Number of protein chains: 2
Amino acid sequence: MAENAADQGTSSAGRPTRPDLAAMLVPLGRALTAMEQPVLDAHGLAMWAYSVLLHLDETPIRTQAALAETIRADKTRIIPVLDDLAARGLIRRQPDPEDRRVRLLSLTPEGRRLRDAVQSDIQRGEERLLARLPAADRGGFLRGLQALHALPELSPRKAADGR
Amino acid sequence: MAENAADQGTSSAGRPTRPDLAAMLVPLGRALTAMEQPVLDAHGLAMWAYSVLLHLDETPIRTQAALAETIRADKTRIIPVLDDLAARGLIRRQPDPEDRRVRLLSLTPEGRRLRDAVQSDIQRGEERLLARLPAADRGGFLRGLQALHALPELSPRKAADGR
DNA sequence: AGTATTAATAGGCATGCGCTTACGATCTGC
DNA sequence: GCAGATCGTAAGCGCATGCCTATTAATACT
């Protein structure tokens with residue numbers, strides 16, 4: 001006994017060969033977010049506001065609640081964000097003629113300009129980081145990340161309603 | 001001049017070919033964390049407690065403050081966590097004979113057992129996710145992730161004190 | 001017409017967390 | 001042996017966030 005064999009469960013248990021994914025992903029996410037912050041500050045954008053600008057225009061978004069859900073924000077908490085963005089002329093919020101309860105959201109040209117400028121800034125910083133990766137792994141890392149990001153099981157809300 | 005050309009910045013700006021890294025990493029981290037939660041609950045461990053168990057024993061940790069820093073916890077906030085872990089016999093907290101201010105932290109055998117069991121469970125779930133990746137990208141993804149995770153610039157605290 | 005639903009909005013409650021202060025015990029330098 | 005720094009600990013402030021309720025306007029169901 002006390003042997004350091006490796007079989008002790010269903011699969012290859014024992015001492016793992018890598019840290020938990022979350023243990024790497026979460027700090028990385030934090031670090032990336034911290035890198036973004038100064039850029040956002042420079043443009044007077046909060047993280048939520050940037051998130052709104054990003055997701056507006058990518059997908060046709062109808063209601064504010066739907067937007068909130070896609071960016072995983074609280075329905076009631078983005079309202080001040082939208083107020084601010086609209087007041088600054090970065091988004092438009094017109095009542096839907098077909099259903100006058102909903103406000104149709106869209107990016108204004110200035111909104112798109114700002115979004116593009118900020119995103120370029122941010123991705124420029126990210127590229128500096130990616131450059132640190134061995135070239136052989138860079139592509140796989142990015143593809144893997146995008147693939148996981150696209151998995152529906154990882155979106156808790158969608159995964160729940162299987163009907 | 002409303003042409004939809006793509007050059008408009010310093011480098012390859014315009015519409016980016018991928019989402020921001022943080023925009024993928026952060027939700028992924030959240031999803032992974034959510035996947036871990038039931039496992040942790042099943043073992044009666046909170047996230048901070050698990051984090052402590054993980055990092056104890058990997059590196060020789062002397063002071064509680066040092067532990068707190070490595071797991072990015074607040075010095076004062078892990079104390080109840082340590083209290084609980086010690087009360088459950090998962091860690092030991094003996095006064096250092098050389099400096100009786102500091103408590104030497106170590107994993108008990110039960111602590112190590114629990115940590116290994118939980119981590120196997122967690123990584124088993126993660127492997128199910130990784131299996132969804134194209135085999136060609138899986139290795140690069142993991143290596144890239146580990147490489148970025150190991151970068152010192154991404155640890156805000158260490159990066160700051162360059163002196 | 002009359003009731004139930006849904007969108008947007010406001011407000012409030014509870015939680016978790018980072019940060020700060022305070023304090024006793026202990027160590028170190030002078 | 002005293003002053004200042006350090007460790008562990010307690011307590012509290014403030015912010016961001018998730019969640020829940022209520023209100024109002026508009027739509028849908030019957």
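Modeller: Let's start with D137(B), which is buried, at 7% relative accessibility (buried means under 20% relative accessible area, exposed over 50%, partly exposed in between, with a 1.4 Å probe and protein chains only). Before going on, some ground rules: this is a predicted model, so local features need pLDDT of at least 70, side-chain atom pairs count only at pLDDT 80 or more, and totals for chains, interfaces and linings use all residues. Residues are numbered from 1 along each chain as its sequence is written, chains are lettered from A and ligands numbered from 1 in the order in which they are written, and side-chain values use heavy atoms, with hydrogens and water left out.

What does D137(B) pair with? Its side chain meets that of R143(A) in a salt bridge, 3.0 Å from N to O (a side-chain nitrogen of Lys or Arg within 4 Å of a carboxyl oxygen of Asp or Glu). That pair crosses between chains, from helix α6 of chain A to helix α6 (residues 135-150) of chain B (helices are DSSP runs of H or I, at least four residues, and strands are runs of E, at least two, numbered from the N terminus). R143(A) is partly exposed, with a relative accessible area of 49%. Side chains of opposite charge can pair when their charged atoms come close.

These bridges sit in a wider setting. Across the interface of chain A and chain B there are six salt bridges, and R18(A), E126(B) and E127(B) are linked in a network of them. There are also 18 residue pairs in polar contact between the two chains (N or O atoms within 3.5 Å, one able to donate a hydrogen and the other to accept it, with residues adjacent in sequence counting only if both atoms are side-chain atoms). On the side of chain A that touches chain B, α1 (21-42), α2 (47-55), α5 (109-130) and α6 (135-150) each give two or more residues. The largest share, 13 residues, comes from α1(A). By class, that side of chain A has 26 nonpolar, twelve polar and eleven charged residues (Ala, Val, Leu, Ile, Met, Phe, Trp, Tyr, Cys and Pro are nonpolar, Asp, Glu, Lys and Arg charged, the others, Gly among them, polar).

Now for the overall extent. The contact takes 49 residues from chain A and 49 residues from chain B, where contact means heavy atoms within 4.5 Å. Between them the chains bury about 5,000 Å², 66% of it on carbon and sulfur atoms (buried area is the accessible area, with a 1.4 Å probe, that two parts lose on being put together, summed over both). R18(A), D20(A) and L25(A) supply 12% of the area that chain A buries against chain B, more than any other three residues.
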